[in-house]
Each structure stands twice: as C-alpha cells, then as structure tokens.
Amino acid sequence: MTRERRGWSLARQLLVLQVIIVGFVVVAGAVLAYLDVARRTEQASRDEVVSVALTIADSPAVIDAVEAPEPSVILQPFAERVRHDTGVDFITIMDPQGFRYTHPDPDRIGERFLGHIDEALAGRVFTETYTGTLGPSVRAVVPIRDGREIVGLVSVGITVDAIAGEVRDRVVPLVFVALAALLVGMSGTYLVSRRLARQTHGLGPAELNRRLEYHEAILHTVREGLVLVDQGGRVTLCNDGARELLDLDGDIEGKALTDLGLSAEMVASMAPNRTTRDEIHLTERRVLVVNCAPVRSGNRVHGTVVTLRDHTDLQALTGELISVRGFAESLRSQAHEAANRLHTVVSLVELGRYDEAVEFATAELALAQQLTDRVVDAVSEPVLAALLLGKAAEANERGVELVITPETEIDDAVLGGTLAPRDVVTILGNLIDNALDAALEGGNAPKVFVTAREEAGELVLRVEDTGAGLAAGEVAFDRGWSTKADGRGLGLALVRQAVRRGSGAIEVGRGERGAIFTVRLPTALVQS
C-alpha cells in the first residue's frame, strides 16, 4: 500500500524562505558594501594623487629644476624620494611637450608620456584612468607654472592593482562580518523553525487549515459546553454550547471568570489548576454537570479545560423516579400493614370475637379514608393530591405526622402554562422531604405542617416542621448545604432554581415549632 506523499511542513517552508531571504540580504549587503568600499578607495586615491601632484607643482625647487640645463639630474632623485614617502606608484615630471624628466624606470626617461596632457596645458588639473608603462593606473596631471607661463607638467599615479589590493584589504573584514551575520541569521532561522515545527507538530499549511476548520466545526456543533481558562483565570475559548448553558452573551474571550456573572461556586469549580469530576452546579434555569482538568504540555500547565453537560432533564427525571420509588415503597409498606391487619381480623373472627373484629377493621379504614378525604377535598389538582398522599404515607412510615392545614385549598386548574407541574412537584416535594428530615431530628412527636392555597393572584406553598430550625447565617439554598452529614445538599438548591424559573419568591423563617419555608408563585405564570 503506497502512502500518500506529504508536502513540506509549514516550519520547513518558512525555514527555506527565511534562509533565502537572509542569504539574499547578507549577500546583497556585502556586494553593496564592497562597491561602496571600492568607490571610496578609488576616490581617496584620486584625491591623494591630486594632492601630491599639486604639492610638487607648487615647489620652487621643481620650478627652478625644470628650467635648468639638465632637469633630470635634479628632479629624478627628488621624485623617487617623494614617491617612496607618499606611497604612490609613479611621479612623472615632463616638459610641456610631454617628454619625461623622471620615471620609476630610469630607462623610460626622455620618452614621451603615455596619457592625455591637453587639459593640463590649458591650465586645468584633471584625473583619469589610463594604461601606461606600469599598467592601468589612476593618475592626476597638473601644470607647473612660472608665473603665468606653463614650464612643465607633473603626473602622479597609483596603479589599479594597488587600489584593488587596498580594496581587498578592506573587504576581508567585511567578508568575515557578512559570514558571521549569515551564520547568526541561519542559526536563528533554524532555531525558530525548530520551535515552529514543535508547535505545529510538523504539519503543513493545508493540514493546519483543515484541522482548524475541523476544530471550529466541532466546537460549534457539539451540544456540550467547552471552556478553556488560562492560568490567570481568564477565558481563552468558549463554544456555543457553553454560551447557551451558562446564559452568556457578547464577547466572552479574554474576560475573567469573576466578570461573567456566574455563581461563586461555579467560579471556584472552574478555577485554574483545579480538577473537578462530575460536580453538580445550578444556574438560574439549568442543572449542570461540571468537569475540570488542567491542560498540560510536558511539565507545564497552560490552563484548565472545563466541560459542561446539561443535567436538567435527567435531574428532573431522577427526582420523579425517586418519588415513584417512594410511592412504591409506601404501597409495599401499606400492603404489608394491610396484610397484618387482615390477619388480625381473620384471627378475631376465628376466635368468635366478631364485634372486636369489625371495630378493628373499621377504625383503620376510617383513619386512612379520613386522610384521603381531607387531601382530596382540599386539593382538587390531581398532581398535588397524589404528591401529598404519597408524602403522607411516607411520613407515616417514617414515624412523622404529616398535617394538611385547614387553610389548604387548590383548584384543579391551577397548574399548567409556563410553570410545569413537574416544577411545582420539585418545589413542594423537596420542601416536605427536608421538613421530614428536620422533624425527625427535632425529637419527640415529629410533625410537618403543609399549606397550599391561592392567595391574591399567587400560589402559596408553606411547609413548617417541628425541628430545630435554621441557625442564624445558614444559607439553606446554596448547593451543598444539608442538615444531614451524608447529604448532597441539592434539594433546596433545586427548589430555588424552580422558584426563579417561575418568577416567584421564597422566604425562610422560624416559627414557634421550627423552620418555615414559604414559596409564592404568580398564578399568571402558573395558570394557562
């Protein structure tokens, strides 16, 4: 099976591009520097030969020697001495016709000067590059004047080879500097490329683009919430699912967790460097399962990844399942008690104690029917009636008397509309469960008093227990608060969430017997 050939990685492409750019810049800089050095050296040589030629032409001794009978005898030693002292390659002094009085090669004395002298004879100083007896040279030709008369000419020159040698001497350090710059540039480019290769995992531009598109598609497609938090506690990524679950609007990325309007418990759970597993949190409208884990690369921690799952429906179904289990357990207990009572009645009949058997059977039936009649007469709404009957049976089994107060009166059309019956069951069921637990801890003759009525356009649910009540400063509706050591502390938090969903209010107080929880829900939102 042939493997599809992968193109160059992004890091390799950038490495090659940077190498080309750095190499071009260094080479271009070196060439420009070389040209500048060559130009400056040639100009310096021209300035030098002009200066030397003018100095010789202005010397009185030279002027006198030119007009002497044997000029070469005087001028040749003088010219050679000046040539050695100044470092030029030749000094030629000649008559106005161009015949030499001096030359580095004495055999060339008396021959005609090779070069142009017309401008000098016209009284001007000029320079040129010309090939003479010593090869190509940069030379200056200057007239020698005796007053206004031109009595001779002087030419001073430096060979091109000498200038080139000087340029080479100046360029060698430049070459080393260019090589050093190239080496440093290549090394830096290589190190940057290696780092980029590690960060991009050796992927090419097309692969990176494809992965980014997949990344964006997944983030915006999944229903679960995903939030990335850096080490400073700021959000670096928040997908659409998280925005919906946390009810966040606007630009979230870059903001601190404390600025998002989340609860203190949620912010603490999502804090950097914290590991959280399947922790339940409540928002205004949802029950969320939160998981947090640090994001590590090697030994470094870059932040925290937070996943959010909507647990609202499952939590509601769990609550309903618990209620159903409670009802079933109550029915099982009642069936067991009914069997015991039936056996007792049968035994009394067998003993011939008919009056006692009738009295025992009707007394138990009267108590059960009395409770049922009281609930049905006061609460016409079937969901609430079933809930109260089930809780009454559960309370009786646990040894707590559940009292439906005389003020209780609910019409059968009270539920529906915006607030689902399930929310009312969540509110009243959790309040009664909490009251039962508190009453049992309160001591002898535990009781729970339940009131449910319509009052001034509101559905009022009131639950009172004979327990110890709430201590000052206790925050009963916070997630995790519980009166039991092994409690999860979620029931009352769910109550507060359901009340807020229904735009209602909840009050907690202390009565003569224990704690009192009062919930008020606007019937405009409750009724259809």
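**Conventions.** I worked from a predicted model in which local features need pLDDT of at least 70 and side-chain atom pairs count only at pLDDT 80 or more, while totals for chains, interfaces and linings use all residues. Residues are numbered from 1 along each chain as its sequence is written, and side-chain values use heavy atoms, with hydrogens and water left out.

**Helix H3.** I looked up helix H3, residues 71-86, where helices (H or I, at least four residues) and strands (E, at least two) are DSSP runs numbered from the N terminus. At 1.5 Å a residue, its 16 residues should span 22 Å, and the end C-alpha atoms are 22 Å apart, which agrees; the expected span is 1.5 Å times one less than the number of residues.

Which residues of H3 are buried? I listed Pro71, Leu75, Gln76, Ala79, Glu80, Val82 and Arg83, taking buried as under 20% relative accessible area, exposed as over 50% and partly exposed as in between (1.4 Å probe, protein chains only). They cover an arc of only 165° around the axis, which puts them on the same side of H3; the arc is that of the directions from the helix axis to the C-beta atoms. On the face turned away from this buried side I found the exposed residues Val73, His84 and Asp85. Just after H3, I noted that Gly87 has a positive phi of about 85°.

**Rings.** My search for aromatic pairs returned a count of zero, with rings of Phe, Tyr and Trp (its six-membered ring) pairing if their centres lie within 6.5 Å. I did find Arg112 over the face of Phe99, at 4.5 Å from the ring centre; the criterion is NZ of Lys or CZ of Arg within 6 Å of the ring centre and within 35 degrees of the ring normal.

**Strands.** I then traced an open sheet of four strands in the order S1-S4-S3-S2, with antiparallel pairing, where two strands pair if DSSP finds at least two bridges between them. Its edge strands are S1 (90-94) and S2 (126-132), each of which pairs on one side only. Between S1 and S4 (residues 149-159) I recorded five bridges, the strands running antiparallel, and Phe90 has Gly157 in S4 as its bridge partner.

Further along, six bridges join S5 (residues 225-230) to S9 (residues 300-310), again antiparallel, with Leu226 partnered by Thr307 in S9. What joins S8 (residues 287-297) to S9? I recorded ten bridges between these antiparallel strands, and Ser297 stands opposite Arg300 in S9.

Terms used
Rings of Phe, Tyr and Trp (its six-membered ring) pair if their centres lie within 6.5 Å; planes under 30 degrees apart count as stacked, over 60 as edge-to-face and the rest as tilted.
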